[in-house]
Amino acid sequence: MDKLFKLKENGTNVKTEVLAGVTTFMTMAYIVALNPNLLTGFGANGGQGLWNAVFLATVISSGVGTICMAFLANKPFAMSSGMGLNSFFAVVVANIVGLTGASYLESYQAGMIIILVEGIVFIILSAYNIREKIVEAIPLGVRLAISPAIGLMLLNIGLGSNAGIYSETGGPFFVMRDFFGALTAKSAADLMGSGYGPMVLTVVTMFVGLFLIVILDIKKVRGCVLIGMLGASVLYWICDFLFLGQNPFASLQGASFLPPFQDMVENTFFKFNGAVFVKIGWFTVITLIITFCMIDMFDTIGTLVGTASRANMIDEKGNMPKMKEALLSDAIGTCVGAVTGTSTITTFVESASGVEAGGRTGLTALTTGLLFLACMFIAPLAAVIPAAATSSALIYVGIVMLSGFKKVDLDDRFQLVPAAIMLIAMPISGSIGHAIGLGLISYTVMKVCTGKAKDVSVVTYVISALFLVKFFLAV
């Protein structure tokens, strides 16, 4: 293991790497069920067969892509179907249905061609170092701001939207908006109805888990994030049973642990519907491919640079060694996803939880990747981890990543302004790529308008222009 992943050289060991890999997986496990839900309308579109197919495609492509990251780049980053990109793809499929009159399944199969083309394009760009050159062209100030901006995004996910509560009065109800945002406890209870009890349990679990992680971290306990998540989960299960009268393991009753391979073969495995695809129109197809490429490229770049910065994996120029191999792994994952039946695969920001747990090499990624593949057989077990426990880890990692802002030169307006815009844009938009785009546009405009246009690279001009087109011309 040491020779394969260079553990001693990176100041780590097998135990730490495996724990870090498990930590990353636990913070990402939600995607196993959420992705097929989003892509099939919780099974309403395409039927249970398509849901099962997308579920298998999700765990297989996540596992393969993450294992590629382990062996090609030797980095502790994990990947899966990108959030935001999967929702966008679901909208695209619905539009294909309206445009062509085809069924949802046929339109889904046509949409997979777009994802496959995107993956192939990225493999070519990665092989010829084009994506790596794009990373190097991003101004230092923008790169330095990515890590703290991701930190705020994680805080927003953990405190804002990771643990939504539903009840007979509606939903989802969220911790910061509906619980802490309420004028009084009574007004919150009236708003949420029977959901108020689960909300209180969610808040208590979230903060108990958070402070357990913090205390263990201060005491230098290895695996503090994982221990905190497990402790929060146990608290949630006990209270859910004692005070809310719920069986936290009810989802395991009657659950099938056999992979639905037949559903994937019948619905999505190498099922590319060319007849429906040609009806979409070439202009629409090209603009969709460009849109997917831009969002995926900068989401991945942002996650890699931001997380690597936190783990001290970047050099003095802000570049990460083996960036080419990391980006190539992402592209391979996307191609595998298209072939098996899921939307764009991208590096997940939740990888930061594994990095914070001590993960420094590909052994962390290998552990996470194998756990994803194991989900083909143990998926029901992932469902019993409460979202509130996951939030504890995301909040903690988000807080820690904020420390990266100290690297930004606050007296340099060319660093401060793009950084400040990214800090607010990333958590609000929910897109790493869009926030980087706004940062690049603001940097370019400031340089041009102050007579320093020559300081801006040609690549930065091109990227800024592409983002302007995307934002204002709906491309």
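Me: Why is Cys-68 called buried?
Reply: Buried means under 20% relative accessible area, exposed means over 50%, and partly exposed lies in between (1.4 Å probe, protein chains only). Cys-68 has 17% relative accessibility, so Cys-68 counts as buried. This is a predicted model, in which local features need pLDDT of at least 70, side-chain atom pairs count only at pLDDT 80 or more, and totals for chains, interfaces and linings use all residues. Residues are numbered from 1 along each chain as its sequence is written, and side-chain values use heavy atoms, with hydrogens and water left out.

Me: What makes Cys-224 buried?
Reply: The relative accessible area of Cys-224 is 4%, and therefore Cys-224 is buried.

Me: How do you know that Cys-68 is in no disulfide?
Reply: A disulfide is a pair of cysteine sulfur atoms within 2.5 Å. The search of the whole structure finds 0 disulfides. For Cys-68, the nearest cysteine sulfur is that of Cys-335, 11 Å away.

Me: Why is Phe-270 called exposed?
Reply: Phe-270 has a relative accessible area of 52%, so Phe-270 is exposed. Phe-270 lies in the loop between helix H13 (261-267) and helix H14 (274-280); helices are DSSP runs (H or I, at least four residues) and strands are too (E, at least two), numbered from the N terminus. Its phi is positive, about 55 degrees, although Phe-270 is not a glycine.

Me: What makes Lys-322 partly exposed?
Reply: The relative accessible area is 41%, so Lys-322 is partly exposed. Lys-322 is in the loop between helix H15 (282-310) and helix H16 (323-340), and has a positive phi of about 60 degrees without being a glycine.
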